[in-house]
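Dear colleague,

Please find the structure below, handed over for your review. My findings follow directly after it.

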Amino acid sequence: MKHWFKVTKRWTLAIASAATLTIGAMALLSCGGEGGPVGGGGGGGDNSFTAQFMALLPAGQAGATYVGPTVCKNCHNGTSPSHSTSRVVNPNEAYYDEWHNTVHASKNVTCENCHGPGSNHANSASPDGTTILTAPNSTSPIVCAQCHGPTYDQWYASKHRQIIPDPVNEAAGNPAQYGRSSRCIQCHSGLFRTETAEKGVDVGTMTDQQIIDLATETVNNVPSIAACDTCHNPHAQTGNLTGDGAEVQLRHLTFNTDTGPVGPSQPASSFVNYNHICAQCHNGRGADPSDAKLQSGTSRPNMHSSNQFQMLMGFAGVEGSGVVQRNTAHATAPGQCSHCHMPNAGHTFTTNLDVSCAPCHSATDAAARLVQVRTQMVDDLYALRSRMSAWSQTTFGDPDLWDYTSNIQALGKTPPNQTLVPIQIKRSRHNYYFIVNDACYGPHNFPYAETLIQVANDNLDALGVPGAAPGRAQTNANKLAVLKQDLARWHEVEKEAGE
């Protein structure tokens, strides 16, 4: 039975209303140590970052005073005995030594700026999370917003701030399948990823209750796909530099061309732990274009709805036997994904043609290319789809039976026996969905996408399927709407299947 949790739109207000803390003469220090947080406006009109931060503190921290980082060092130095904890792991690492080398330390941002005043915790006979701000609430972006307000506001407007609740609820309702085996929650919960993969915890070794607890904490406390500390290590320099060579304490690389861990049929434990800050989630989860897989997996397309890295690097489509135009300069640009999607280190993760495409293209050139490749890609995909529909109409008397079994059923129709669908159609529809699912329609890797369309058409030629009519009566917008309808139907089927 699934455990369903209500996702609140503004979780900080819900937490703030849960308890009113009286924190003596607490003075929050800014990142410069001068007193008072800096930057930002409070995340979309809610109460101030200071008030939201104070609302995160546990009741046992009431009345606490600041003790300074050297007191924290007494225990959090990697050698002291572990404190009792009910969490998956006890984060008793050398936090002080790691922190001491960071920009945070150079700006006098200490442990207590992020975890609140520590006297109650330090003086406790059994110090635990009841007397100091710790996970899950310490992973709240509000902690970072005290100093990084403008960045917080950008992140708050992004899709990373949102949550897709189904995979989290499914992990709580069926931990063995959706947490331990498929690991869906490791990409759908920033908190879960931080508390497991980033601390060296193998989800396969966790108990059902530990998975349920983390899923519950996600929805109730940090309901976002990726928060600040999902990508950044707040305690240590990591050596994982940005595309511009900056040390911003990233947990993983921004550039990686070793695609093996996210290649065809790799296990979930491989692709969810891939060493790339974006591609560890934005990959197709073992997409497999082999004939054997296309013959055996006919219910739904065999890539997850996140195959952007496969498209960028040019692999996992049916490629045929000819020359493959695998990738472009986009695949080897410094920072790869972040080069285009984080212009000026922006955290909305949307492109800006003035910055994202420089220095290779001017904004005018980029805009013209964007229109050209997307128009061509939509036209070519629509023509490919039309040919598959024509084959289906001729073969089965219905234009929709070329699709995957579950997608046809979602239309209220009975799918044909898949043994009656030749491999050429299965290859073609794999490439069709591989490109549509990328949802970029060209700019990520136009040459590879065009290669896949050509291979698909070659397979249809081998079946004697006539070429598609130009479709001049349809506008490009109408054609795109058809493609998006196919994609939406598949994603709904995938959602209902819990994948």
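C184 counts as buried, because its relative accessibility is 12% and the cut-off for burial is under 20%. Please note that the model is predicted.

The sulfur of C184 has its closest cysteine sulfur in C187, at 8.8 Å. That separation is too far for a bond, since a disulfide calls for two cysteine sulfur atoms within 2.5 Å. The structure as a whole holds zero disulfides. C72 is likewise in no disulfide, and the nearest cysteine sulfur to it, that of C111, is 3.8 Å away.

Is Q424 buried or exposed? Q424 is buried, because its relative accessible area is 19% and the limit is under 20%. Setting aside residues up to four places away in sequence, Q424 touches N459 and L463.

When neighbours within four places in sequence are left aside, D438 is in contact with N307, Q308, M311 and H444.

Kind regards

Methods: Residues numbered from 1 in each chain as written. Predicted model: local features only at pLDDT ≥ 70, side-chain atom pairs only at ≥ 80, totals over all residues. Heavy atoms only, no water. Buried < 20%, exposed > 50% of the residue type's maximum accessible area, 1.4 Å probe, protein only. Contact = heavy atoms within 4.5 Å.
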